[in-house]
Amino acid sequence: MTQETVAATTDAVLDREETMSRDELEALQLSRLQHTVAYAYDRVPLYKRKFDETGVHPTDLRELSDLGKFPFTTKEDLRLEYPFGMFAVPQHEVARIHASSGTTGRATVVGYTKKDLADWAKLVARCLRMAGVRPGMKVHNAYGYGLFTGGMGAHAGAEALGCTVIPISGGQTERQITLIQDFKPDAILATPTYLLTIADAMAKQGIDPASTSLKYAVLGAEPWTEEMRHELEVMMNIKACDIYGLSEVMGPGVAGEAVETQDGSHIWEDHFRPEIIDAFDSSIVLGDGEPGELVFTSLTKEALPIIRYRTKDLSRLLPGTARPAHRRMGRITGRSDDMIILRGVNLFPSQIEEIALRIPELSPHFQLELSRPEGQRMDQLTVKIERRESVTVEGSAAAARTLQQQIKIHVGSSCTVDVVDPGSLERSNGKLRRIYDMRPKA
Ligand code: DLL
């Protein structure tokens with residue numbers, strides 16, 4: 001055994017940092033943080049400008065809590081510095097580039113040195129191992145390959161763990177099913193809604209989704225609920241764990257969930273320092289357990305050091321369990337920019353998912369439509385949701401009333417529920433769009 005690894009209590013061998021004490025981990029964070037802020041200040045003009053404007057200097061970072069004195073970084077900063085203005089190394093040292101799709105504006109571009117890629121693969125490998133995947137297993141990777149970080153990020157992690165990777169990418173659902181049956185993978189990596197698409201398509205072909213070789217699923221890239229986990233685990237006879245990440249901070253593998261506890265993703269705090277801030281007053285840094293917006297600072301990245309990146313993801317920090325020194329993040333309730341404000345009430349698609357999946361007649365296939373009928377000043381929410389195959393039209397009318405009442409009770413919003421036929425709503429190919437905003441543009 002090398003110095004880097006210690007034997008774990010499970011059958012897996014863990015990285016030394018996974019089993020560090022909290023004190024040891026915080027000492028490591030401080031030295032890495034001091035290095036990162038100085039490195040970013042010296043090498044990236046945007047950071048120098050922002051630090052100088054705020055009146056802070058890297059030498060002001062004496063303890064971890066001093067991080068709160070430093071300015072935030074936002075997606076807008078990355079857009080303004082498009083394409084390579086945030087890079088801290090010369091281009092010949094950048095081994096790979098990824099980017100966001102840019103559908104809502106200019107793409108954000110991120111880069112990695114060879115060492116960044118190795119660290120990324122190591123962290124994804126940690127997540128997979130923690131979710132139950134082991135060296136030698138076959139891994140069906142249905143995250144999209146390309147500029148999106150999901151496909152190649154998950155791929156490199158599975159290879160680093162010592163798995164046999166099947167790089168199918170997203171889409172071509174029929175082919176996915178054939179390969180799952182023929183290659184007999186042990187684990188699948190996909191977005192939760194795409195796994196649902198696959199399972200659904202299997203059932204339609206007369207294949208029992210619980211009968212495949214799959215035992216583990218590592219799911220992320222979009223919000224999902226405990227109810228969705230239950231749905232997928234029962235339907236497919238698998239164990240499903242969460243994996244979280246975002247391209248600006250690295251990609252998948254910033255945090256991952258343990259199969260033994262299934263109680264939220266552990267953030268790899270030897271590489272990222274998380275904070276929770278008040279989403280509406282960013283000057284307030286909140287304590288552990290309090291809900292707010294997640295903020296990350298990278299501790300080891302070379303090509304794109306990122307200081308206090310505002311994710312817009314709403315969550316909270318919880319104590320570590322399966323990896324005691326690494327804090328967990330509570331399930332993401334939604335993104336602050338995905339929040340529907342309906343007549344003064346805040347609402348997230350995940351709340352609807354949670355409520356709908358407790359009603360046996362309703363399926364997990366739903367979408368939310370926001371409209372403003374002619375001549376009215378009030379916005380209207382319509383929940384379109386498919387009934388389960390076995391449910392009659394009369395049965396679905398009762399389910400619609402139940403869903404409407406439950407949304408009123410638990411969320412506080414009045415809405416219209418439209419129960420539609422199985423298979424009539426659009427299926428996911430990756431990250432699923434839940435909200436359709438048909439309101440007239442201001
Ligand atoms: O979605 C990276 C990723 C790929 C994570 C594969 C996990 C698996 P982006 O495209 O930059 O990167 O989108 C990042 O997706 O800020 C969250 O809003 C959302 N997200 C990612 N993972 C989760 C998760 C990838 N486990 C954005 N739960 C993030 C909820 C998630 N939301």
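Domain bounds, as used here, come from an automatic or database domain assignment. A cavity, on a 1 Å grid over the protein atoms alone, is a set of points where a 1.4 Å probe fits but cannot get out, and its lining residues have an atom within 4 Å of a point. The structure is a predicted model, in which local features need pLDDT of at least 70 and side-chain atom pairs count only at pLDDT 80 or more, whereas totals for chains, interfaces and linings use all residues. Residues are numbered from 1 along each chain as its sequence is written, and side-chain values use heavy atoms, with hydrogens and water left out.

**Cavities**

A search of the whole structure finds three cavities of 30 Å³ or more, a volume being the space filled by probe spheres set on the grid points, which are joined across faces, edges and corners. Domain 1 (3–22 + 111–332) and domain 2 (339–437) both contribute residues to the lining of the largest cavity, which therefore lies between them. This lining has 15 residues, of which His365, Glu426, Arg427, Leu432 and Arg434 lie nearest the centre of the cavity. Strand β21 gives the most to the lining of the largest cavity, with four residues; strands (E, at least two residues) and helices (H or I, at least four) are DSSP runs, numbered from the N terminus.

The second largest cavity has about 60 Å³ of space, and its lining includes Tyr112, Trp120, Met250, His271 and Lys301. Helix α4 (residues 114–130) gives the most to this second lining, with four residues.

**The ligand**

Around the ligand stand 19 residues, of which Asp242, Ile243, Ser247, Asp313 and Lys431 come nearest, where a residue counts as near if one of its heavy atoms lies within 4 Å of the molecule. The table gives polar contacts, that is, pairs of N or O atoms within 3.5 Å.

| Residue (polar side-chain atom) | Distance to an oxygen atom of the ligand |
|---|---|
| Asp313 | 2.6 Å |
| Arg335 | 3.1 Å |

The protein covers 91% of the 610 Å² of accessible area that the ligand has on its own, with areas taken from the Shrake-Rupley method with a 1.4 Å probe. Strand β9 gives the most to the shell around the ligand, with five residues. By class, this shell has nine nonpolar, five polar and five charged residues, where Ala, Val, Leu, Ile, Met, Phe, Trp, Tyr, Cys and Pro count as nonpolar, Asp, Glu, Lys and Arg as charged, and the others, Gly among them, as polar.

Definitions and conventions: On a 1 Å grid over the protein atoms alone, a cavity is a set of points where a 1.4 Å probe fits but cannot get out, and a pocket is an open set with protein on both sides within 12 Å along at least five of seven lines; lining residues have an atom within 4 Å of a point. A polar contact is a pair of N or O atoms within 3.5 Å; within protein, one must be able to donate a hydrogen and the other to accept it, and residues adjacent in sequence count only if both atoms are side-chain atoms.
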